[in-house]
Amino acid sequence: DDLRAAEAEAEAERAQAQALRNELASAEAKAVEAEMGAAEDGELAKLERARSEQRLAEAKARLLETDALCEDLMSKRAEAEAKILQAAETCEQLLAKLAARSDDATAAHAEAQGLE
């Protein structure tokens, strides 16, 4: 359940990252428009603001992508830990069976020596 929740959260973050990429594309388009229309000195401030918004959108998108990657890695780590625990349990079961067979063999050997 934790794994599914982590996967769902990672997927939501990926969707949010995509939305930010769309926002970034929009900011880039606005920056291009601002550059094209920056004929007057007053327009330069708008151009700088559009560029700042574009950089901010890029940084947000990178942050969300990093968060999504971290969530994915945490999910994979949890899966690996579960597999390790399962393997340890299997090893314990096999060791118990081996010990029981060893005890049976020892008893059979002792019985065989008693019959000689």
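Here are a few questions and answers on salt bridges and one serine in this predicted model.

Student: Is Ser75 buried or exposed?
Tutor: Ser75 sits in helix 2, which covers residues 41-115. Its relative accessibility is 5%, and the cut-off for burial is under 20%. So Ser75 counts as buried.

Student: Which residues does Ser75 touch, leaving aside those up to four places away in sequence?
Tutor: Start from its place in helix 2. With the sequence neighbours up to four places away set aside, the contacts of Ser75 are Leu3, Ala6 and Glu7.

Student: How many residues apart are Arg14 and Glu11 in helix 1?
Tutor: Their side chains meet in a salt bridge, at 3.4 Å from N to O. Arg14 is partly exposed at 35%, and Glu11 is partly exposed at 47%. Both belong to helix 1 (residues 2-36), and they are separated by about one helical turn because they are 3 residues apart.

Student: What is the N to O distance in the salt bridge of Glu48 and Arg51?
Tutor: Both residues lie in helix 2, about one turn from each other. Glu48 is partly exposed at 40%, as is Arg51 at 29%. Their side chains pair up with an N to O distance of 3.2 Å.

Student: Which residues are linked with Asp72 in a network of salt bridges?
Tutor: Asp72 and Lys76, 4 residues apart in helix 2, form a salt bridge at 3.5 Å. Arg14 and Glu11 also meet in one. The network links Asp72 with Glu11, Arg14 and Lys76.

How values were computed: Residues are numbered from 1 along each chain as its sequence is written. This is a predicted model: local features need pLDDT of at least 70, side-chain atom pairs count only at pLDDT 80 or more; totals for chains, interfaces and linings use all residues. Side-chain values use heavy atoms; hydrogens and water are left out. Helices (H or I, at least four residues) and strands (E, at least two) are DSSP runs, numbered from the N terminus. Buried means under 20% relative accessible area, exposed over 50%, partly exposed in between (1.4 Å probe, protein chains only). Contact means heavy atoms within 4.5 Å. A salt bridge is a side-chain nitrogen of Lys or Arg within 4 Å of a carboxyl oxygen of Asp or Glu.
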